[in-house]
Amino acid sequence: MGVYRSCYFVCWVAIFFTCLTCNVHSQTLLLGACPSPPMQSEFSAQDFLGRWYEVERTFVMAEVGWRCITVDYREESGRIRVETSGNAVVKRTMAAVATFTPNSPARIILRGEGSLPTQSTNYVLLSDYNSYAVVWSCRNVDPLIPISGLDFLRNLSHTENLWILSRNRTMDASTREQIYSFLDTNAINRRSLRPVPQDNCQEGTP
């Protein structure tokens, strides 16, 4: 009986991690549940609007091969529209509508536009509004197949996305070190950060 239970457990664990692999679409899995870092205090959505440049980010499937990436937050017809643009083989643009949560304004709900709208939640962890911003998202990963009696397998892992944004195409070393220190202090994984090429780019109109 004990051997049967052990085999049952191993099989379900194998199924669990297989489902995880399918569910995260090749993103990096991190152990444990999502951390709870502090968000930007007294966040001002109005000051956050405008053009940002991605200078570093973790893996994002939709932005594979992109360079010269800009992110524009602007008011349009009574709502906040977010356009992420970059150059791949041709210029690419993704659009979404942003909602800044009233009781937690540094929490941004993004609803994608297009034939297959998606929804995600981003958090502004750190920003001085004039030069840099740190935007982060995290999702606890559950198995696609419910496992009765094995609830402890929930939230064994999570996926994170992280963007370091700048008001300019470059960022000075001291600002980067300040951001890295903040991330390390708050247990935000930055090992997967990669620079976003911002050289030889044509400046567009925000």
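This is a predicted model: local features need pLDDT of at least 70, side-chain atom pairs count only at pLDDT 80 or more; totals for chains, interfaces and linings use all residues.

Visitor: Okay. And how are the helices and strands named?

Guide: They are DSSP runs numbered from the N terminus: helices are H or I with at least four residues, strands are E with at least two.

Visitor: Let's start with a helix. How many residues does α3 have, and how far does it reach?

Guide: Helix α3 covers residues 173-185, which is 13 residues, and spans 18 Å from its first C-alpha to its last. That is close to the expected 18 Å at 1.5 Å a residue; the expected span is 1.5 Å times one less than the number of residues.

Visitor: Which residues of α3 are buried?

Guide: Thr175, Ile179, Tyr180, Phe182 and Leu183. They sit on the same side of α3, because they cover an arc of only 160 degrees around the axis, taken from the directions from the helix axis to the C-beta atoms. Here's the general idea: an α-helix has 3.6 residues a turn, so residues three or four places apart point the same way.

Visitor: And which ones are exposed on the other side of α3?

Guide: Ala173, Ser174 and Thr185.

Visitor: What do the buried residues of α3 pack against?

Guide: Four strands: β2 (50-57), β7 (119-127), β8 and β9. Then, just after α3, Ala187 has a positive phi of about 60 degrees.

Visitor: Tell me about β8. Is β8 largely enclosed or open?

Guide: Largely enclosed by the rest of the structure, because eight of its 10 residues are buried. On one hand, β8 pairs with β7 in the antiparallel sense over four bridges, and strands count as paired if DSSP finds at least two bridges between them. Leu126 has Val134 in β8 as its bridge partner.

Visitor: What lies between β7 and β8?

Guide: Four residues, as the two strands form a hairpin. Tyr129 in the turn takes a positive phi of about 70 degrees.

Visitor: How many bridges join β8 to β9?

Guide: There are 10, and these strands also run antiparallel. One spot to look at is Ser137, which stands opposite Asn161 in β9.

Visitor: New topic. How many residues are in the largest nonpolar core?

Guide: It has 21. A nonpolar core means a set of buried Ala, Val, Leu, Ile, Met, Phe, Trp, Tyr and Cys residues joined through side-chain atoms within 4.5 Å. Those with the most contacts inside it are Phe43, Phe48, Tyr73, Ala98, Phe100, Ile108 and Val124. Two or more residues come from each of β3 (67-76), β4 (79-87), β5 (91-100), β6 (107-112), β8 (132-141) and β9 (157-166). The largest share, three residues, is from β5. Apart from this core lies another, of 17 residues, including Val55, Tyr132, Trp136 and Ile164.

Visitor: What is Phe100 in contact with?

Guide: Leaving aside neighbours within four places in sequence, Phe100 is in contact with Phe43, Ala45, Tyr73, Ile80, Pro105, Arg107 and Ile108. Contact here means heavy atoms within 4.5 Å.

Visitor: Last one: how many salt bridges does the count come to?

Guide: The count is 12, where a salt bridge is a side-chain nitrogen of Lys or Arg within 4 Å of a carboxyl oxygen of Asp or Glu. One joins Glu54 and Arg57, at 3.5 Å from N to O. Glu54 is buried at 2% relative accessibility, and Arg57 is buried too, at 12%.

Visitor: Which residues are linked in a network of salt bridges?

Guide: Arg74, Glu76, Arg79, Arg81, Glu83 and Glu113. Within it, Arg79 and Glu113 meet at 3.2 Å, N to O. That pair links distant parts of the chain, 34 residues apart, with Arg79 in strand β4 and Glu113 in the loop between β6 and β7. Arg79 is partly exposed at 36% relative accessibility, as is Glu113 at 33%.

Key
Residues are numbered from 1 along each chain as its sequence is written. Side-chain values use heavy atoms; hydrogens and water are left out. Buried means under 20% relative accessible area, exposed over 50%, partly exposed in between (1.4 Å probe, protein chains only).
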